[in-house]
Amino acid sequence: MDQCSIKSKSRVAEFQQLFGSWTTVLSRLYDDPKVAQLMKTRIRQYLNSHPFFALTVMLFGAMSAIPVGMFLSFALVTIIMSAVGLVFFEAFLLFVGGTTLLCVLSGIALFSVMVSFIFNALYFTISNILSRYNPNLTKQHDFQEKESEGETSKTKEM
């Protein structure tokens, strides 16, 4: 029984030491100017008159800190991942759009060159055919050019 009484005495001493350390922590907390200002409010008076509710609020605040922190970190990670994913998706869409635009513009350029080549070939072919089978058209054209050159030289002389 001696050992049991020694253990109980040591437990009492440990409890008194723990109580003393809690008392110093609480006294430092109450000496803080912000806490002192809070203790003068109606909230303090209400919580002081309802200790069970004060304990409930304190336990709820302490126990909800981890889930709320985890949710906020999850939301932050989700927002960051969405932004990064959006940037990569936008870059992919811009790459696909740019490649499509490049292909379309290349096709238009090739089409323009081919149409221009065909029109030039038709123009030279038709003009050569017409000049061979109807030489009057080229002579008349040459005559009109000589007349216009003569008129322009007369206006220059004046």
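So, transmembrane regions: the unreviewed UniProt entry lists residues 46-66, 72-95 and 102-126 under that heading, and such annotations may be inferred rather than shown by experiment. Keep in mind that this is a predicted model, where local features need pLDDT of at least 70, side-chain atom pairs count only at pLDDT 80 or more, and totals for chains, interfaces and linings use all residues. Numbering runs from 1 along each chain as its sequence is written, and side-chain values use heavy atoms, with hydrogens and water left out.

Okay, two of those spans. Residues 46-66 are 95% helix and 0% strand, and their end C-alpha atoms sit 27 Å apart. Residues 72-95 come out at 100% helix and 0% strand, with 34 Å between the end C-alpha atoms.

Zooming out, the protein has five helices and zero strands; helices are DSSP runs of H or I, at least four residues, and strands are E runs of at least two.

Now, how do helix 3 and helix 4 pack? Helix 3 is residues 42-49, helix 4 is residues 51-133, and the angle is about 110° with the axes 5 Å apart. Angles from 65 to 115 degrees count as roughly perpendicular, so that's what we call this pair. On the helix 3 side we've got Tyr 46, Leu 47, Asn 48 and Ser 49, meeting Pro 51, Phe 53 and Ala 54 of helix 4, where contact means heavy atoms within 4.5 Å. By class, that's five nonpolar, two polar and no charged residues.

Of the 158 residues, 1% are buried, meaning under 20% relative accessible area with a 1.4 Å probe, protein chains only. The protein exposes about 14,800 Å², and carbon and sulfur atoms supply 72% of that, by the Shrake-Rupley method with a 1.4 Å probe.

Methods
Buried means under 20% relative accessible area, exposed over 50%, partly exposed in between (1.4 Å probe, protein chains only). Axes are lines fitted to C-alpha atoms, for helices over the stretch in contact, and angles run from 0 to 180 degrees between N-to-C directions. Angles under 35 degrees count as roughly parallel, over 145 as roughly antiparallel, 65 to 115 as roughly perpendicular and the rest as oblique. Ala, Val, Leu, Ile, Met, Phe, Trp, Tyr, Cys and Pro count as nonpolar, Asp, Glu, Lys and Arg as charged, and the others, Gly among them, as polar.
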